[in-house]
Amino acid sequence: MAVTKDAKFDMLRRLRVADYATLSKALCGVFAIFASTHQSFITAHMLIFLGYELDRFDGMIARWRNETSEMGKQLDSFSDLVSFVLAPSFMLYSLRLRTPTDQAILVFFVLCGISRLARFNVASHLTPKDTNGKSLYHEGLPTAYAALIMSTIVAVAQWLDRTESLVSMVSFPGTWGEAHISTIPVAFLGAGMVSKRLKLRFDGGLAIPAWTLAIFVACWFALLQ
């Protein structure tokens with residue numbers, strides 16, 4: 001029986017133009033994690049934001065060139081995991097939010113992000129689409145939105161040299177111990193990502209920069225008080 005030889009550089013042959021944009025998004029997430037370990041949170045935020053723009057760009061390329069594929073779908077999910085789930089979690093961990101309760105909340109956020117990405121892969125075709133094939137709404141909070149909320153707040157705090165405002169503690173009754181106040185909203189972001197009741201109907205192309213600016217201004221005034 002004849003043996004089929006694998007083609008040389010088979011992995012590279014399978015990649016489409018849109019896939020290279022997707023891999024660039026993952027690279028932004030990796031470098032954002034590296035920046036966070038050095039507490040360069042402004043750089044990490046910029047890389048996460050760049051990852052979001054690449055996330056939009058690879059979708060535009062895929063639709064323009066009609067390059068949708070199962071491999072591209074999986075690459076997109078894994079890249080989202082790195083850039084929009086792990087990278088912002090590393091930012092908070094590197095900010096010294098490391099009590100057992102803090103870590104439990106961050107783990108919860110990561111697990112919610114993984115669950116959302118997996119659900120999107122198997123159920124995205126059930127969401128109503130417009131004439132261009134784009135979903136009419138987001139079911140649950142997209143991972144990119146959650147990541148940019150978290151990274152914008154931390155970046156503004158570092159820019160204003162007020163990161164100590166994010167590391168104040170709160171005590172919980174019973175055996176929960178202590179946690180930093182800044183990690184508590186992260187639990188709600190995680191729950192929002194897996195929510196089926198939350199349906200966001202705005203266009204991310206314009207909404208993300210607008211919401212990022214709004215969060216930036218709100219943090220600026222809050223941290224200057």
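How many disulfides does the protein have? The count comes to 0 disulfides, a disulfide being a pair of cysteine sulfur atoms within 2.5 Å. In general, such a link is a covalent bond between the sulfur atoms of two cysteines.

Before I continue, a word on the basis of these values. The model is predicted, so that local features need pLDDT of at least 70 and side-chain atom pairs count only at pLDDT 80 or more, while totals for chains, interfaces and linings use all residues. Residues are numbered from 1 along each chain as its sequence is written, and side-chain values use heavy atoms, with hydrogens and water left out.

Let me stay with the cysteines for a moment. Cysteine 28 is buried at a relative accessible area of 7%, and cysteine 112 is buried at 6%. Here buried means under 20% relative accessible area, exposed means over 50%, and partly exposed lies in between, with a 1.4 Å probe and protein chains only.

I turn to the overall architecture. The protein has 8 helices and 4 strands, in the order α-α-α-α-α-β-α-β-β-α-β-α along the sequence. Helices (H or I, at least four residues) and strands (E, at least two) are DSSP runs, numbered from the N terminus. Of the 225 residues, 44% count as buried. The accessible surface comes to about 12,900 Å², and 66% of that surface belongs to carbon and sulfur atoms; these areas come from the Shrake-Rupley method with a 1.4 Å probe, and for residues only the protein chains shown count as cover. Contact means heavy atoms within 4.5 Å. Among contacts between residues at least 6 apart in sequence, 79% join residues at least 24 apart.

As for phenylalanine 109, its contacts beyond four places in sequence include Phe84, Pro88, Met150, Val186 and Met193.

Now the aromatic rings. There are 2 aromatic pairs. Phenylalanine 31 and phenylalanine 34 have ring centres 6.0 Å apart and planes at 80°, so this pair is edge-to-face. The rule is that rings of Phe, Tyr and Trp (its six-membered ring) pair if their centres lie within 6.5 Å; planes under 30 degrees apart count as stacked, over 60 as edge-to-face and the rest as tilted. Both phenylalanines lie in helix α2 (residues 17–37), 3 residues apart, about one turn of the helix. Phenylalanine 31 is partly exposed at 43% relative accessibility, and phenylalanine 34 is partly exposed at 46%.

The other pair, phenylalanine 49 with tyrosine 52, is tilted, at 6.3 Å centre to centre and 55° between the planes. These residues are 3 apart in helix α3 (residues 41–65), about one helical turn. Phenylalanine 49 is partly exposed at 23%, whereas tyrosine 52 is buried at 4%.

Finally, strand β4 (residues 199–200) contains leucine 200, which is buried at 14% relative accessibility. The C-alpha atoms of leucine 200 and glycine 140 are 7.2 Å apart, although 60 residues separate them along the chain.
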